[in-house]
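Morning, everyone. Sequence and structure are coming up now. I'll go through charged pairs and one annotated site.

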Amino acid sequence: MYGNGTQRNPGTTVLVVDDVAASRYAMGAVLSRAGHQVVPVASGGEALVELDVRLRDGTLPDVALVDVGLPDMSGFELCRRLRARPPMAALPVVHFSAAATAPGDRCRGLDAGGDAYLTVPAEPQEIQAVVRAAVRGARRSTGAETAVHRLTLLSEAIVTVQAARCPRELAAAAAEGAAHLTDSPSVVFVIGPDGEPYRGTARCRPAPADSGAHQAAARLVTRFAEGRTGVTSAVVPAPLWPAGMFRPGVEEDARLTVATAQDGRTVVCLATPVRRAAITDPAADGLLARLAQACALAAEPLLLYRVERHVALTLQHSFLPQPHRLPHLPGVDIVVRYVPASRQTEIGGDFYAALGTDEGVLTAVGDVVGHSLGAATVMVEIRHALRAYCVTESDPLVLAGRLDRMLQLYHPDVTATVCLALVDPGSGRVRIANAGHIPPLILRDGGGADYVDACGPLLGLGLDRPEPTERHLAPTDRLLMVTDGLIETRGTPLDTSLEQLRTAAADAPAGLDPLCDVLLGCFGRDREDDIAMLALRLG
């Protein structure tokens, strides 16, 4: 029945499922002589148990030859069960039978998920050819699925990298992407022109806090990238790569995929451990190179923005008077706060001002629309213009109109919000002109808090403005003015945020400093916009 095969297939494992011992032995002999490793079992139940064990060990066979007429279940049923279990669904199955085979039997085998149908007795060459074809088809399908899966992972990683708001977020996203592509731990360094490294890790056991491994690795990456552009890959042997990078205290070779920007000033390095027993996967290396290149392109504007943000913050701090340097204004006590946005977000144009005029004390809180160095620059111009206008004018409505015309003339594409309050310390009279800003809160003695009904169009639109709103402050009252950066939260209606602010302010302890500190504690953590705040009471 079975002769001697001649073509060898070393490394291929075949599961033979046949309840007839003689047939099982004969089939196994043919396959063994052809170089296959044979795993014989006598029933469908034994096959499932054997496959479960091998699945846990990572040694699933390459193909299963299944007799149609098994004692506990048909070969078709066994195939259906395998196809229903995702880890085994890709295992190619060849049905065979020594009984007369009708076309319907072949159809049932294929419908159950089988890859081929073999009628025995058969020539050894035919058996070997069917096995080879089934394995080849499965590997081709698995390879295509793996390539599609990896490309999907690469696309997802690049999208996440491009959405990063700062170099540290980018490094973390790149590390996750590299770990998914290689199924291994990864460490990513993003190094800017100033040499400061931003690190991200994935699937790495945390190293001791005082470990210098990451600093040493960053220095090595910087030296490796000197004089290079584009993407370069290299393996750094364990003696040169700091121990503990992927696992604490363990020396491992590292594969570095380094992308350097055209100007040579931005470097991104993806580092993964080298598995000594593994064969290098060129496809994975190519995907890592594409990920590194995408990271370098995304890192350049983020690093440039850090420079712009530093300049903008310096500008704001230079022109916004610090609390201890506020001018002494007779008849009032004033407390201010300024909190820049979190490091991951853009700089804004928030500001405050407290100025003495012929008719009292003018306070202002405002925000230039937009987030950039340009917004901060316009903020400075508005503060200077307001200061200059106050030399000859005190009326908040007139001042708002002049600021509006200044923006139209010099910055026609810019708008801003501002709330101006002119306080007469002697009488407690307050006149408020609001240009698209959050209205001020008046906190009464005893815990009440109400917004002043003052509104008007933004600065820069050239629209008519309503007359100022008048209120009177008692000696125990407090006037609170804030920018929207304190309370605006994505997904939360502004009315809800305003009510939350009113309630928190009403419950805050007496005093100006405690009021500001409590509100910043409630709302001011990790905000996506700058915060300016001014609190006033009659002194």
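Buried here means under 20% relative accessible area, exposed means over 50%, and partly exposed is in between, with a 1.4 Å probe and protein chains only.

Before going on, the ground rules. This is a predicted model, where local features need pLDDT of at least 70 and side-chain atom pairs count only at pLDDT 80 or more, while totals for chains, interfaces and linings use all residues. Residues are numbered from 1 along each chain as its sequence is written, and side-chain values use heavy atoms, with hydrogens and water left out.

Back to the pair. R431 and D395 form a salt bridge, with the closest N and O atoms 3.7 Å apart. The two ends come from distant parts of the chain: R431 sits in strand β15 (residues 429-435), D395 in the loop between α9 (373-389) and α10 (396-410), 36 residues apart. A salt bridge means a side-chain nitrogen of Lys or Arg within 4 Å of a carboxyl oxygen of Asp or Glu. Helices (H or I, at least four residues) and strands (E, at least two) are DSSP runs, numbered from the N terminus.

D395, R429, R431 and E470 are linked in a network of salt bridges. How many salt bridges does a search of the whole structure find? It finds 13.

Next one: R465 with D404, closest N and O atoms 3.5 Å apart. R465 lies in the loop between β17 (449-451) and β18 (469-472) and D404 in helix α10, so this bridge ties together parts 61 residues apart in sequence. R465 is buried at 17% relative accessible area. D404 is buried too, at 4%.

Now a local bridge. The side chains of E77 and R80 meet at 3.4 Å, N to O. Both sit in helix α3 (residues 75-83), and because they are three residues apart, about one helical turn separates them. Buried or exposed? E77 is partly exposed, at 26%. R80 is also partly exposed, at 41%.

Last stop, D67. An unreviewed UniProt entry annotates D67 as "modified residue: 4-aspartylphosphate". UniProt positions are in the numbering used here, feature names are shortened, and annotations may be inferred rather than shown by experiment. D67 lies in strand β3 (residues 63-67). Its relative accessible area is 10%, so D67 is buried. Which residues does D67 touch, not counting those up to four places away in sequence? V17, D18, D19, G75, F96 and S97. Contact means heavy atoms within 4.5 Å.
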